[in-house]
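Trainee: I have a model open and want to learn how to read it. Where do I start?

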Amino acid sequence: MSIHFTEERQLISFDKSFSANIRISEPDKYKILEEISKRSEKIINVGSNLSYSPLGFSKDSLSVKLRKFNRILEFNEKSKEITIEAGITLIEFLNFSLKYNLWIPQLPGYPTITIGGAVAANSHGKSCAIHGTIRKSIKKILLFHKDYGWINLSEQENKELFDLTIGGLGLTGTIVSVTLKLTSLENSEFVTRKKIVKSIEESKRTILKDNKKHSFIYTWNRADSLKSFGEGIVFQNEVQSNSNIFKEFKESKNHFYPSFIPLWNKYSIKIVNSIFLAINKFSKNEKKEDFLSVIFPFYGKERYFNFFGKKGFVESQLLIHESKLDMFIDEFKRLFKNYEPTITLFSLKNMSGEQKYLRFEDNKICITFDYVYNKKNLNFMSMVDKLYEKYDILPSIIKDSRISKEIFRNSYNKELSRFIEEIYKFDKKRIYQSEISSRLGI
Amino acid sequence: MRYLIIGASSGLGRELANKFAKENNNLVLISRDERDLNAIKSDLEIKYNVNVNILSLDFSSLEEVNKKLLSQNNIIENLDGIIFPVGMMFSEDNLNLDTDRMNKLVNANFISIVHTIQKVKKFLLKKNNACIIGFGSVSGYLGRGINTTYAGAKRALESYFESLAFDRELRNINIQFYTLGYLETNLSFGKDLKLPKASVRKLSERVYNNKNLKFEKKYYPSFWQLIYLIIKIIPFSILRKFNSE
């Protein structure tokens, strides 16, 4: 092939922590994918580049963007199975599957994320306590590797590699297509109920108690001051019981344009949180919500991210056992008192599954914090990092690009060693490398 | 309705296949790589419930065009239109290109198109509102140092489509010819182009909506028409001087 199909471009991670001028290719034919892979020494795969951490690029790797591999290859309504190419976005996939009242419940939080990206990150949705991560919906994967060519992966075929690839951050090769087991969804409208809570302890009790009753249950808590710390709301989304006719979702362009100056600060967060809580206290306890606002809460509300400005933000997502949560929160609050960090978001939800390799998955509680990017917050976070070992906490490297190699190694421990051993067994040259994988020594 | 799209596996061809299928038309798709064709066939049949036939062949080989496409009467007798978003390029295409590759370029970009039209037009004449849609390139405006043979073939194709439009016998067939500027496809990916690339999705919609019009010769994006007029007005001696500098 005489045409090169690559260009230089600057890519920035979603959290704005890292940018680089990289080489990128957007193949639209199988032959071009093979050709560009053969010509490149180091490769990494990029979906919509909406990962918080720089997982889809590195200055030494060719980023392969499979956005044009977005076709439906097989669909069987009876057996509820679909094979789709990795570049299809969640909204494109849902616009097809929901016509048949089918979907997968383990959807990450933004509709223009690609299926390939969701598989590589082993994504989870709001209902991860019941439905687990996307791993549970994956039947087969078609992988392309620069040296080994086309490889079919499933529980029956190349099982080890199948296991490494799900949640493997695109380090085993290029995920080209995925076969998913679909789940019925009778209605694409939801009823949202809420409960006002006074503390983290009460939030925890509520989400653990109603865990099996409501598939979508999560909290929003305040962390804008020590005084109001933990006050918040527990939200429960339930699928409406009557059936409805699915109307296709309109796709809009991403609206991620950071504001010129950061608008999130101690005062603005306190004001917005107080208003949000007051509105929820005095509004009806139950309301109907459409699919997009329940499953993709930031779709149309991109201003939340834009308000962090060009410096961006840091999201810390942690898995902790319920028995250790209260003690961890106590220590967190002690550090909070000293450092006074600026936290824009604090949320809890349940998760289920088995922690293996690099996967952010376990039968634990998932805590999320969003921080404004500044020195004080980074110092605070590095103090919190030190609590991970004590409380057996697993941090997400997909969300938190700041995590050091040491913290990462201590937290993922044996599973990381197993992953590294297995991946080197498969690919001695370690061809597929991202900024994060190089930084963390994977 | 059933349309034949040649060069359907990527870029404009793929968008046209998607648009025509979305509007409930059956398709016959031609491209070189069977894997791409199979993926497009599955996608369109599953999404739009239409019938898609695929033929994998090299359009720069007249032998393959005859053997794999034009010998299949069940396909060519039942078409309502043929669309040629096909284009072959070599980065080595200059004044010194070897004859083998020159032949390939002329075949893929001109002779195979003309040959196919000549064989299929008698069947299209029997249909109401049949169409033949061709695509030229702004590279055919003026002689050039790169894509030399490609540009020559595209200029010849434009002339051939004008001839089709003049033919009284073909008055019942809707003929359109689009002269294309830079498009958002893999052919322009990574190239430092001075003018913007246009959306293939919008172009495919325009082509679909215009398919029942009588002879139309259009420029896409339309500002290229102005550039074309300017080039035509400037004396060749000045263009030559400007170009050699």
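Mentor: We will take the chain contact, then the cysteines. Keep in mind that this is a predicted model.

Trainee: How is the size of an interface given?

Mentor: It is often given as the accessible area lost when the parts come together. Here, chain A and chain B bury about 2000 Å² between them. Carbon and sulfur atoms give 51% of that area.

Trainee: How many residues does each chain bring to the contact?

Mentor: Chain A brings 26 residues and chain B brings 22 residues.

Trainee: How many salt bridges cross the interface of chain A and chain B?

Mentor: The rule finds one. It pairs Glu34(A) with Arg35(B). Their closest N and O atoms are 2.6 Å apart. For polar contacts between chain A and chain B, the count is seven residue pairs, both residues at pLDDT 80 or more.

Trainee: Which elements of chain A touch chain B?

Mentor: Among them are β1 (7-12), β2 (19-25), α1 (30-39) and β5 (72-76), each supplying at least two residues. By class, that side of chain A has eleven nonpolar, eleven charged and four polar residues.

Trainee: Now the cysteines. How many disulfides does the structure hold?

Mentor: Zero, over all chains. A disulfide needs two cysteine sulfur atoms within 2.5 Å. Take Cys128(A): its closest cysteine sulfur is in Cys366(A), 6.3 Å away, so the two are too far apart for a bond.

Trainee: Is Cys128(A) buried or exposed? And Cys366(A)?

Mentor: Cys128(A) is buried, because its relative accessibility is 0%. Cys366(A) also has 0% relative accessibility and counts as buried.

Definitions and conventions:
Residues numbered from 1 in each chain as written. Chains lettered and ligands numbered in written order. Predicted model: local features only at pLDDT ≥ 70, side-chain atom pairs only at ≥ 80, totals over all residues. Heavy atoms only, no water. Buried < 20%, exposed > 50% of the residue type's maximum accessible area, 1.4 Å probe, protein only. Contact = heavy atoms within 4.5 Å. Buried area = accessible area lost by both parts, 1.4 Å probe. Salt bridge = Lys/Arg side-chain N within 4 Å of Asp/Glu carboxyl O. Polar contact = N/O pair within 3.5 Å; in protein donor to acceptor, adjacent residues only side chain to side chain. Helix = DSSP H or I, 4+ residues; strand = E, 2+ residues; numbered from the N terminus. Nonpolar A, V, L, I, M, F, W, Y, C, P; charged D, E, K, R; others polar.
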